[in-house]
Amino acid sequence: MKILIWATTFGADLWAFARYLDRRRDCDVRVVMSAPEMFRGEGIAQLDPLKLPIYVRRPWSQIIGVPFFNPDVTIVDNHVPLRGLSGKGFVLWHGFGWKGPNDEKEFAALHWQLRLNWGNAKRPNRNFRWQTFGPWDFKHRTEVSGFHPDNCRILGAASHDLLRDPRDKRDLQPYYPFDVQNRKTVLIAPTWHYGEVFAHWGTDSELFDRLLRTLSERGVNVILRLHDSFRFDKRYLSFLKGLVARYPNTLLKFKDHHPDNLLDLQVSDVLLTNFSSIANLYYATLRPTVHIYPVRSPDEAFLWRTLSVAGVRKREIPSVRYIWKLPPEENGGLMAHSFDELLERVEQSLDQPDCCQELARDFLDRHMLGADGGNCERIWEALSELVET
């Protein structure tokens with residue numbers, strides 16, 4: 001089987017499944033991405049190198065793909081090429097998450113692109129499949145997002161197969177500037193759609209400083225992992241750089257500079273997030289996750305941030321409930337409704353590393369096939385079924 005992976009971000013599930021394919025002998029895989037040299041500089045690329053060829057995405061790649069390579073199927077994570085580079089298309093979506101509504105209106109452009117590449121995804125289509133993470137996600141994609149049930153498969157998250165058995169921290173140590181073997185590490189990974197992380201409780205300049213000072217005094221490492229740097233204005237970027245300069249126990253990463261997040265998920269002892277989809281992956285480690293309730297009230301007007309061709313677009317919506325496909329209360333860890341409660345939850349997570357195991361297992365069982373270790377095999381079987389049709 002000839003497989004083209006068209007990567008927006010080559011990390012998490014997409015990398016995990018590429019790793020699985022790389023170890024098979026019955027497929028020929030090529031990857032196209034925007035910055036291969038950046039990926040090759042990541043710890044995961046050195047610790048667990050892939051043999052498959054990786055190509056830089058050129059302007060003409062949208063039309064011809066990889067020269068002299070005629071794939072049977074193209075795997076995408078969220079962005080689709082301008083034209084069909086293969087007869088079959090397979091979407092390995094880039095995260096389960098809470099953000100919505102992901103309805104037909106929001107996905108109108110995506111449906112149009114998919115139709116140009118592989119035909120109408122709203123009708124039974126033997127040339128297209130959409131991976132879903134579990135029964136709830138399948139129901140949402142088919143009843144809300146507009147994909148025909150015949151085109152969707154319940155397959156789980158590929159990276160869960162690796163995260164359920166984290167690596168030895170001695171192997172991860174060379175890729176971090178602080179001691180990850182003898183000191184605990186907190187991964188702070190917020191989504192960017194809410195703007196400042198703590199705006200509903202105060203200001204990021206005050207509360208981030210207080211949080212990092214608390215963790216520093218306790219001797220805890222911090223990985224501050226944010227979305228693409230271009231989504232933040234210059235003032236906020238300057239604030240972040242100043243923050244990290246004051247706390248040398250803190251490592252700042254942006255997604256467009258450090259695309260891989262698997263090592264960060266494996267090396268950290270606690271995750272702190274305001275409902276980024278990274279949490280759904282982290283649950284497979286069974287380590288504590290502390291969720292920041294992201295707004296003051298779900299029924300207040302809210303300034304929603306999305307990315308457009310012109311940059312970050314802001315629009316006011318009457319209630320934040322509109323953009324939640326899952327309510328925040330539906331999670332696999334602890335919740336904080338105030339900054340003081342957040343500090344208490346972080347302390348609890350550091351002192352009681354098993355405090356969220358049952359909560360994480362329950363979420364995974366209900367929504368993500370229990371992270372049972374068979375997801376890559378399921379995805380492969382669905383891919384084979386598609387190509388053989």
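In this predicted model, ring pairs join Phe198, Trp201, Phe208, Phe232, Tyr236, Phe239, Phe254 and Phe339 into a cluster. The count of aromatic pairs comes to 23. Let me take one of them, Phe198 with Phe208: the ring centres are 5.0 Å apart and the planes stand at 65°, and because an angle over 60 degrees counts as edge-to-face, that is the class of this pair. Phe198 belongs to the loop between strand E8 (185–188) and helix H9 (204–217), while Phe208 is in helix H9, so the pair ties together parts that are 10 residues apart in sequence. Both Phe198 and Phe208 are buried.

I turn now to the nonpolar cores. Which residues have the most contacts inside the largest nonpolar core? They are Ile5, Phe10 and Phe17, in a core of 94 residues. Helix H1 (residues 12–22) gives the most to this core, contributing 8 residues. If we leave aside neighbours within four places in sequence, Ile5 is in contact with Phe10, Leu14, Ala18, Leu21, Val29, Arg30, Val31, Val32 and Ile75. Apart from this core lies another, of 34 residues, including Ile188, Val220, Leu224 and Val290.

Gln131 is located in strand E6 (residues 128–132). Is Gln131 buried or exposed? Its relative accessibility is 1%, and since buried means under 20%, Gln131 counts as buried. The side chain of Gln131 reaches two backbone atoms: the nitrogen of Trp93, at 2.9 Å, and the oxygen of Gly156, also at 2.9 Å. Beyond its neighbours within four places in sequence, Gln131 has contacts with Phe90, Val91, Leu92, Trp93, Arg153, Leu155 and Gly156.

Finally, the chain as a whole. Its secondary structure comprises 15 helices and 15 strands. The radius of gyration is 21 Å, close to the 21 Å that the globule rule gives for 389 residues, so the chain is as compact as a globular protein of that length. The C-alpha trace spans about 60 × 50 × 40 Å along its principal axes. Of the 389 residues, 58% are buried. Among contacts between residues at least 6 apart in sequence, 71% join residues at least 24 apart.

Thank you for your attention.

Key:
Residues numbered from 1 in each chain as written. Predicted model: local features only at pLDDT ≥ 70, side-chain atom pairs only at ≥ 80, totals over all residues. Heavy atoms only, no water. Phe/Tyr/Trp six-rings, centres within 6.5 Å; stacked < 30°, edge-to-face > 60°. Helix = DSSP H or I, 4+ residues; strand = E, 2+ residues; numbered from the N terminus. Buried < 20%, exposed > 50% of the residue type's maximum accessible area, 1.4 Å probe, protein only. Core = buried A, V, L, I, M, F, W, Y, C linked by side-chain atoms within 4.5 Å. Contact = heavy atoms within 4.5 Å. Polar contact = N/O pair within 3.5 Å; in protein donor to acceptor, adjacent residues only side chain to side chain. Rg over C-alpha atoms; globule rule 2.2 N^0.38 Å.
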